[in-house]
Amino acid sequence: MVVSSGQQSAAGTTPASTGESASEVTVAEASRSRQGTGHFDGYHPPSAARLDQCVHCGFCLPSCPTYVLWGQESDSPRGRIDLMKGALEGRLPLDRDFLSHIDACLGCMGCLTACPSGVRYDEVVEATRQQLERQVTRTLADRLLRRFVFSLFPYPNRVRAAALAGKLARSGGAAGRMLASERAARLAPRLSSMAALMPQCSTRDMFRRLPRRARPQGEPRMKVGLMAGCVARVFFSPVNAAAIEALTSEGCEVVVASGQGCCGALSFHSGRHEQGVELAKSMVDAWEGTGIDRLVIDAAGCGSTVKDYGRLLEGDPEYAARAAALAAKAVDVTELLADLPPRATRHPLPLRVAYHDACHLAHAQGVRRQPRELLEQIPGVELLPVAESDLCCGSAGIYNIVQPEPAAALGRRKAAAITAAGPDLVATANPGCLMQISRHMAQPIPVVHPVELVAASIAGRNPWSLEERRSLEERRSPDARAAGGRPADGAPGQPSSATD
Ligand code: SF4
Ligand code: SF4
């Protein structure tokens with residue numbers, strides 16, 4: 001059923017009953033007061049000029065995971081652009097059918113780099129998602145799940161509490177077995193998928209505190225900030241610690257600003273524009289006055305959003321210029337390290353490594369060369385080619401929670417392609433990909449962030465050697481062995497951060 005903003009109001013829904021924040025209500029009012037086009041309201045509709053750039057050539061089709069899975073035009077970039085044009089011209093209503101095709105899009109941006117006409121699919125799909133969030137009423141189950149997800153993930157303390165609860169449930173046996181059962185997967189596939197994705201990380205890592213400031217080794221080269229992330233700082237604190245270790249070894253002073261929370265990426269990518277804007281503003285505030293030269297990010301999805309802050313906040317007189325200034329400093333950790341002539345000695349890591357391109361690094365940020373170069377600087381590392389390296393692994397922010405079936409199909413496909421390459425280890429620069437690939441690997445092959453390899457090489461340790469892994473296997477729980485993921489409490493494999 002299509003419900004316009006006006007109809008919602010007439011139906012008597014209130015901010016309290018819908019869970020809308022005050023700022024969301026302001027947007028709803030603004031959208032009603034502005035002249036819309038076709039079925040889109042006047043607040044950030046997709047640009048007609050952008051949509052008209054599509055010449056229907058179809059070059060994007062093989063790069064689109066949903067088209068590859070289903071072969072349906074309406075689940076391809078070209079088909080989705082046609083849907084948007086139909087709504088813009090008033091031919092197609094914004095209803096649940098329309099919503100299903102936009103919801104099925106992973107936002108992987110495979111089409112962005114495949115398109116020879118320069119169609120900015122990222123901008124038009126983000127604008128369309130905002131409109132759908134305002135104008136289409138989702139099913140009750142969908143609304144509840146999304147409300148839960150968006151009141152949990154952007155808030156690190158809540159993520160930590162949920163992670164602890166998940167850990168207790170797993171160690172308690174019955175609850176963990178129930179969540180992992182086939183019956184649970186049938187009855188509540190999305191909750192079951194969320195539980196299965198939760199990485200096995202140690203309690204120590206969940207509560208690891210990063211230093212406010214870490215001194216550079218040798219002559220200082222620059223002062224950088226490290227964005228700790230919201231989910232990442234809980235589940236992937238060893239990655240943050242490894243980034244600090246590598247950056248300080250290369251002569252960077254590292255600042256971890258207090259008060260930094262979520263960058264807003266998950267919200268922006270899901271059409272929750274107002275929540276994203278509020279989170280982005282807090283991030284801008286957190287870094288002001290720190291005097292950093294660059295803002296280093298080790299999560300690809302976050303990096304692509306922060307680099308886009310200038311556009312995302314462009315209409316805000318108080319924040320537009322400040323957001324653009326922070327965006328100009330944003331850099332992926334692999335970009336920064338690859339472009340700094342290496343100063344710290346790299347010790348050998350004799351490993352065959354399959355590097356997986358995270359979509360929001362390769363497609364959204366255009367960063368492909370630097371992580372590979374960084375890995376190739378490590379003596380002994382052999383990079384292996386992986387088939388379909390451009391295709392999304394199915395992680396895509398919250399996609400593997402809200403769309404578990406296609407996400408699992410893509411996860412299995414990616415895991416099979418990686419396994420066929422025969423690596424000792426998988427490296428990828430995004431926490432979501434780390435979780436998704438770990439979950440779907442049939443063999444217990446470690447999945448790590450490239451910066452963990454760099455830090456380990458500089459420190460002269462190899463927690464992924466056969467001997468270390470054998471001794472680790474003996475110390476790991478059966479659950480962790482099944483996940484094939486990260487080491488348990490106190491085990492090697494955690495970069496021994498000098499800054500802890
Ligand atoms: S973003 Fe990814 S899933 Fe969405 S249309 Fe483009 S290629 Fe397909
Ligand atoms: S490649 Fe670009 S122009 Fe061609 S169909 Fe896809 S989106 Fe349209």
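The following legends describe close-up views of a predicted model.

**Figure 1. Overall content and confidence of the predicted model.** The protein contains 31 helices and nine strands. Of its 500 residues, 48% are buried. Among contacts between residues at least 6 apart in sequence, 76% join residues at least 24 apart. The mean pLDDT is 85, and 80% of the residues reach 70 or more.

Figure 2. Over residues 1–25, pLDDT stays under 50. For this stretch the model has 30 contacts beyond four places in sequence.

**Figure 3. The open five-stranded sheet.** The strands follow the order E1-E3-E2-E4-E5, with mixed pairing. Strand E1 (213–214) and strand E5 (330–332) stand at the edges; each has a single partner strand, so one side of each is left without a neighbour in the sheet. Strands of a sheet pair through backbone hydrogen bonds, in either a parallel or an antiparallel sense.

**Figure 4. Pairing of strands E2 and E3.** Strand E2 (residues 222–227) runs parallel to strand E3 (residues 252–255), and four bridges link the two. One of the bridge pairs joins Val 224 to Val 254, the latter lying in E3.

**Figure 5. The largest nonpolar core.** This core holds 130 residues. Ala 243, Ala 280, Leu 295 and Val 296 touch the most other members. Helix H17 (residues 237–249) contributes the largest share of the core, seven residues. Domain 1 (5–137) and domain 2 (346–483) both give residues to the core, which therefore lies between them. In soluble globular proteins, nonpolar side chains tend to be buried together.

**Figure 6. Surroundings of Leu 295.** Leaving aside residues up to four places away in sequence, Leu 295 touches Gly 225, Met 227, Trp 287, Val 306, Leu 326, Lys 329, Ala 330 and Val 331. Of these contacts, Gly 225 and Met 227 fall within strand E2 (residues 222–227), whereas Ala 330 and Val 331 fall within strand E5 (330–332).

**Figure 7. The shell around ligand 2.** Ligand 2 is surrounded by 15 residues, of which Cys 54, Cys 57, Cys 60, Arg 78 and Cys 115 are the closest. Helix H6 (77–88) and helix H8 (110–114) each supply at least two residues of this shell. The largest contribution comes from H6, with three residues. Arg 78 lies within the span of H6.

Conventions. Residues numbered from 1 in each chain as written. Chains lettered and ligands numbered in written order. Pairing = 2+ DSSP bridges. Buried ≥ 20, exposed ≤ 12 C-beta atoms within 10 Å, placed from the backbone. Contact = placed C-beta atoms within 7 Å. pLDDT = per-residue confidence, 0-100. Core = buried A, V, L, I, M, F, W, Y, C linked by C-beta atoms within 7 Å. Domains from an automatic or database assignment. Near = placed C-beta within 6 Å.
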